[in-house]
Amino acid sequence: MPTTLPGPIDPPARLLMGPGPIGAYPSVLRAMSAPLVGQYDPFMTGAMSETQELYRAVWATGNEATVLVDGTSRAGIEAAIISLVRPGDRVLVPVFGRFGHLLAEIAERAMAEVHTIETEWGQVFPASVIEEAIVRVKPTLLALVQGDTSTTMLQPLEEIGEVCARHGVLFYSDATASLGGNAFEADAWGLDAATAGLQKCLGGPSGSAPLTLSPRAVEVVQSRKKVEAGIREPGDPSAADFVRSNYFDLGMILDYWGPRRLNHHTEATSMLYAARECARVLLLEGRDAVIERHRVAGAAMLAGVQGMGLATFGDLAHKMSNVVAVEIPGGVPGDAARQAMLEDFGIEIGTSFGPLHGRVWRIGTMGYNARKDAVLTTLVALEAVLRRFGAAVPVGGGVEAAADVFAVSSAPAGDGSEEA
Ligand SMILES: Cc1ncc(COP(=O)(O)O)c(C=O)c1O
């Protein structure tokens, strides 16, 4: 027992304008405080089915196998990879930032034979380069990040599914940072598996990973399912190459979400409510409208930092709408300036990883925070902090440039959701 008990949780007011997590939609926070019900209460199973239907629309898929994996985004990644990849299978991972390395690492732990191709941070891969590697490596699975938050780049996926189909390769994408704020068309783009998280453009807290699997991927995971003793029934498969994780065995997870309602884990009820609400507010506003709101907010933030005379990192033609990497001006201490943003203005912006650490800040405009007031407030604060640290920035240049972008946009200035 501690000598003094801490008070009830009471976080400070913050505007989260980093690469995620970002502040959740108010209605998502309200949904999370809704009362709990039992695991097999008809309300609960009904909410699960509704959530599946909502996420089919978010992913733009008809996939029956559209569920949530309980855990942060990497739980979804791990479930997809460990369930799809048999030990010794070849997995190809094109790496264009930190999260490509993560996919390779997870595939390695799944005992795959991992092959990577790399491009410079700040760039993406042409489809032809990925196809050449597929021809050379002959992988079972291509694992490709859509939006790598570490570099802010958005890998075009439109042509990749067709390439994979032509070479008999399963196509998985990690859309954690991009889903909801950038186009994603699971069926039209030929995805076999895709996973995400709530804490970026979907406007929720981290802790639930939306996942969708094509029928072809479902066949693979079902053939490798191992139902644990105690709930196993006659007819359940017992493949020698069963999935080496119980929690992430997608065959069992699908049986929990499907008509069988197999008693696998206990669904994280409050996270289910949150995920359901994230998808509901997105669809209420409209998928295209939300993507457009992210485009406008991102373009305004980009114009704003450029209007302050700051340089950006990476190929802007392939930047995700929802985050920009800004070169820290010479002479400005990056971490101290971020701290001043937080302490003096209550605004969080992000640092970066690996080769970009100390070189760029990452500023996000996503989910609930892809809003005019959030963008302009962040720019005002950044200008003040930069000036305090001795950088020569034009007075009001950032805000003016950003306001000009909003002025010519027809997207709503707010978060777009009347009910949020
Ligand atoms: C592209 C990408 N993949 C995976 C992750 C890991 O997500 P999580 O921290 O929710 O497990 C992140 C987190 O920033 C990400 O941006």
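**Group meeting: ligand shell, sheet and backbone details**

Let me start with the shell around the ligand: by class, three of its residues are nonpolar, eight polar and three charged. Here Ala, Val, Leu, Ile, Met, Phe, Trp, Tyr, Cys and Pro count as nonpolar, Asp, Glu, Lys and Arg as charged, and the others, Gly among them, as polar.

This is a predicted model, so local features need pLDDT of at least 70 and side-chain atom pairs count only at pLDDT 80 or more, while totals for chains, interfaces and linings use all residues. Residues are numbered from 1 along each chain as its sequence is written.

Back to the ligand. It is surrounded by 14 residues, and the closest are Thr72, Ser73, Arg74, Thr149 and Thr176; a residue is near a molecule if its C-beta atom, placed from the backbone, lies within 6 Å of it. At least two shell residues come from each of α3 (73–84) and β6 (147–148). Helices (H or I, at least four residues) and strands (E, at least two) are DSSP runs, numbered from the N terminus.

Now the sheet. It is open, has seven strands in the order β2-β10-β9-β8-β5-β3-β4, and its pairing is mixed. Two strands pair if DSSP finds at least two bridges between them. β2 (65–70) and β4 (113–118) are at the edges with a single partner strand each, so one side of each has no neighbour in the sheet. On average, neighbouring strands are turned by 20 degrees against each other, direction ignored. Axes are lines fitted to C-alpha atoms, for helices over the stretch in contact, and angles run from 0 to 180 degrees between N-to-C directions.

Two pairs in detail. β5 (residues 141–145) and β8 (residues 170–174) run parallel, joined by five bridges, and Val145 stands opposite Asp174 in β8. β3 (residues 90–95) and β4 are also parallel, with six bridges, and Arg90 stands opposite Glu113 in β4.

What lies across the sheet? Helix α7 (residues 215–223) lies across β2, β8, β9 (193–195) and β10 (208–213), at about 105 degrees to β10. Helix α9 (residues 269–285) lies across β2 and β10, running at about 65 degrees to β10. Contact means C-beta atoms, placed from the backbone, within 7 Å.

Last, the backbone. Most residues other than glycine have a negative phi, and most peptide bonds are trans. Gly20 and Pro21 are joined by a cis peptide bond, with omega about 10 degrees. Met111, in the loop between α4 and β4, has a positive phi, near 65 degrees.

Key
Contact = placed C-beta atoms within 7 Å.
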